[in-house]
Every structure is written in structure tokens, then in C-alpha cells.
Amino acid sequence: MDYTIENEILKVTVSSRGAELQSVIGKHIGNEYIWQADPEVWGRHAPVLFPIVGKLKNDEYSYQGQTYHMGQHGFARNMEFALEEQTKEKLTFLLTDTEETRAVYPFKFEFRVSYELLNNMIKESFHVTNKGEGDMIFGVGGHPGFALPVEDGVKKDDFYLQVNPAKPRVQVPLEGGLLNWEKRFLAPTESLITITDDLFKDDAMVLVMRHPDNKFSIKTETSRFHINVRTDSAPYVGIWSQYPKTADYVCIEPWWGIADLTDTDGDLEDKKGMNRLASGEDFEASFRMSFHSKVQSE
């Protein structure tokens, strides 16, 4: 079921399935900022990633001597959340463990996803509570896809990515969906990055954030359109668009977790980038997206 919040600037629609952002409409000129899930290219809008981010080696992991199977990015994006709270400018969805989830992930939890409007900004928040007896190990992240307006002679490669603060960042290459940590290198993120299809021929750009409050912006010189994503405390960020089948969108993904490394031993206790919660403890994280008009410059 879809739910809507709005103010004088934005109209935001979120589905209870996966607590997934479906649409962000700029009300002044009616433009859509979110990729509209073309199933021929990428059939999602902005999935929520939990309890893992990325791919597991052989789609499996071990925990306390038992092997479990789980697909890429976890199960939350395919599950029905309950609407817990709705106001004019905020939605909160809740997912709790079930017999189905415990078959692939042996932890008891409450997982809340919230969307809150403030002027032209949306704050997407994650709140994880460990309801079990022992420690809980998990990853969580966002995966919003942003539509690139390519009408009026504007092309995909007219858009660029700008990262602030302007400095190089460590990038870890993906090989078959797994991260090769030994081959990490310094990416030139102090410079503008043109958004081309070939940018993603080797899968997502996975960046390591050494300091909080990084801002990723999608801009173009040909219009006033731009989107800012403030990743706040996210230790990793993925930049991605489908390849080789391509379309006019790009994802900026704040992550509190990453895919398995190529040399992983498969034990969840050893998995890099995971978060650990003691019984009864809470984890909170968020990122912010702001949307600006694509009205043509004079």
C-alpha cells in the first residue's frame, strides 16, 4: 500500500512493501526526481537494504556453526512493513522478525524506517532494536535511484557528480559482486565526475568515508536541476547505475555495511563493515536528500 506526505514544495510517496520510496514530485513544476522502476532496466525505485548490504559470497554465511542462505541486500526490501506512524510530513514503517526471517537470519529485531519532510529535504532514517538475548550483527543502507531529466537536448553525460569536502577517497573495486580489499585505491573524488554509462562498467563505485557529513551532488551546467545527498555518518557510499543495459538514472547509496570481501571466510562474526548490538540496544542512522528545481537557466 502506498502512503503520501507533502508540503508546499514536495509530494512524497512511500510503499509499505519494503518501506520503499516510490516518488518525489517537485510541486512547482511537477517533475519526478525518483527513478520510476522500469523492469526492463532496474525494477526498483529506492530499496532499503537490511540485514545485509551487497552480496554474500555464494549467497550464504555461517553463524555459530550453521549455514544460512540470503540474497543480495537482504530480505527487507521484499517484505511488507507495518505503518507505525503517519503525520502530514512524516511516515514511519516497522518490520519485525518472523519465522520466515529467522530461517535465514537467526536474530530477533525491530527495524524502523522513517521519512520526514523539511522544506525541500527528505530525511530517511533507520532504527534497529535488538529484541533477542545475545548480540545482533547486521548491515543497513539506502539505495535511492535519482532520475536524470534528459529532455530539451540534455544528455546523461551532461550531468556530473560533485563530492564535498573535495578530497580523494578510498575506492574498493567489486569483482563478481564481492569487494577486493587488497586492490583498493585512492579515487579522485576531489574532481567533478561525469556521469556516463561506462562509469559503471565494473559495477558500483564503492567509497570508504573516513569522516562524517559528506555531501554528494548530482548537477548539470545546462539547468538548475540538482540533488544533494548528505550521507551523515555512513562509513561507506555506493554510486551505481545498471550496466550494460543502461538508463537515465544514478543511485547514491549511503551504507552502514558492505558486500563480502573476495577472501571472506563466510563467518558472520568476521564479516567486515557489520554493526553489532547487545540485547535491548538500539542503532540509529540517517541520510538526507534535498531536491532543487530543473527550471532552465537564463
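Student: Hi! Which residues form the negative surface patch here?

Tutor: Hi! This is a predicted model, and in it Glu182, Asp263, Asp265 and Asp270 form a negative surface patch.

Student: Where is Asp270 placed?

Tutor: Asp270 is in the loop between β25 (249–256) and β26 (275–277).

Student: OK, new topic. How many salt bridges does the structure hold?

Tutor: There are 16 salt bridges. One of them pairs Lys27 with Glu6, with the closest N and O atoms 2.7 Å apart.

Student: Which parts does that pair tie together?

Tutor: Lys27 lies in the loop between β3 (20–26) and β4 (31–32), while Glu6 belongs to strand β1 (residues 2–6), so the pair ties together parts that are 21 residues apart in sequence.

Student: Are those two buried or partly exposed?

Tutor: Lys27 is partly exposed at 37% relative accessibility, and Glu6 is partly exposed too, at 27%.

Student: What about Asp197, which side chain does it meet in a salt bridge?

Tutor: Asp197 meets Lys156, at 2.7 Å from N to O. This pair links distant parts of the chain, 41 residues apart: Asp197 is in the loop between β20 (193–194) and β21 (205–208), and Lys156 is in the loop between β14 (145–147) and β15 (159–164).

Student: Is Lys156 buried or exposed?

Tutor: Lys156 is buried, because its relative accessible area is 9% and buried means under 20%.

Student: Nice. And what does Arg288 pair with?

Tutor: Arg288 and Asp213 meet in a salt bridge through their side chains, at 3.7 Å from N to O. Here the linked parts are 75 residues apart, with Asp213 in the loop between β21 and β22 (215–220) and Arg288 in strand β27 (residues 282–292). Asp213 is partly exposed at 39%, and Arg288 is partly exposed at 24%.

Student: Which residues are linked in a network of salt bridges?

Tutor: Glu84, Glu110, Arg112 and Lys131 are linked that way.

Student: Last one: where does His73 lie?

Tutor: His73 is in the loop between β7 (66–69) and β8 (82–86). With a relative accessible area of 6%, His73 is buried.

Student: So which residues does His73 touch?

Tutor: Leaving out residues up to four places away in sequence, His73 touches Leu49, Phe50, Ile52, Val53, Gly54 and His143.

Terms used. Residues are numbered from 1 along each chain as its sequence is written. This is a predicted model: local features need pLDDT of at least 70, side-chain atom pairs count only at pLDDT 80 or more; totals for chains, interfaces and linings use all residues. Side-chain values use heavy atoms; hydrogens and water are left out. Patches are made of residues with over 30% relative accessible area and no salt bridge: like charges are joined within 9 Å, nonpolar side chains (Val, Leu, Ile, Met, Phe, Trp, Tyr) within 5 Å. Accessible areas come from the Shrake-Rupley method with a 1.4 Å probe; for residues, only the protein chains shown count as cover. A salt bridge is a side-chain nitrogen of Lys or Arg within 4 Å of a carboxyl oxygen of Asp or Glu. Lys and Arg count as positive and Asp and Glu as negative; His and the chain ends are not counted. The place of a charge is taken as NZ of Lys, CZ of Arg, CG of Asp or CD of Glu. Helices (H or I, at least four residues) and strands (E, at least two) are DSSP runs, numbered from the N terminus. Buried means under 20% relative accessible area, exposed over 50%, partly exposed in between (1.4 Å probe, protein chains only). Contact means heavy atoms within 4.5 Å.
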